[in-house]
Amino acid sequence: MKLNELSDNPGSTKNRMRVGRGIGSGKGKTGGRGVKGQKARTGVSIKGFEGGQMPLHRRLPKRGFFNPFSTDYNEVNIGRIQQAVDAGKLDAAAPVTVDALIAAGLVTKPRDGVKILGQGEIKAKLAFEVAAASKGAIAAIEGAGGSVKLLVGDAASA
């Protein structure tokens, strides 16, 4: 078999419908658009228009709003960090930063930083450099001999 002999199986492809090519084509005259009016013309799309009735997207109530100044942290529990240290994915000697957590596979992308949460136990003495941490997480880390340096303001209670 040669490249120029390759072809689809017979009947697997159909020719596209050629619209507006005479009465005998089955899609002649109005070309399947009905007759007259705005929708029969080309280049017109009235999405959501319901013939003068109030459109659905305007009948439904709107709720809430989007805060453009909100922070989106990656939340990581100290128990998962201890598992990563035990598995050798996280170096206990180096400071724990966003980049270190991404390299260890605990976090997929940086977002607005990392917030350390206090679920689980931590035994390793680690130095954290993160955007935020809960009070319980800070207490547990300092109880194990580690330290927490917050990079964004005073976000301990955030």
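Me: What makes β1 and β2 a pair, and in which sense do they run?
Reply: Two strands pair if DSSP finds at least two bridges between them, and β1 and β2 have 4 bridges in the parallel sense, so they meet that definition. Within this pairing, Glu75 stands opposite Lys115 in β2. Strands here are DSSP runs of E with at least two residues, helices are runs of H or I with at least four, and both are numbered from the N terminus. The model is predicted, so local features need pLDDT of at least 70 and side-chain atom pairs count only at 80 or more, while totals for chains, interfaces and linings use all residues. Residues are numbered from 1 along each chain as its sequence is written, and side-chain values use heavy atoms, leaving out hydrogens and water.

Me: Why is Gln82 called buried?
Reply: Buried means under 20% relative accessible area, exposed means over 50%, and partly exposed lies in between, with a 1.4 Å probe and protein chains only. Gln82, which sits in helix α2 (residues 78–87), has a relative accessible area of 7%, and therefore it is called buried.

Me: How do you know which residues Gln82 is in contact with, beyond its neighbours within four places in sequence?
Reply: Contact means heavy atoms within 4.5 Å, and on that basis Gln82 is in contact with Glu121, Ile122, Lys123 and Ala124, once those neighbours are left aside.

Me: What covers the buried residues of α2?
Reply: The cover includes β1 (74–77), α3 (98–104), β2 (114–117), β3 (127–130) and α4 (135–143), and the buried residues of α2 include Ile78, Ile81 and Val85.
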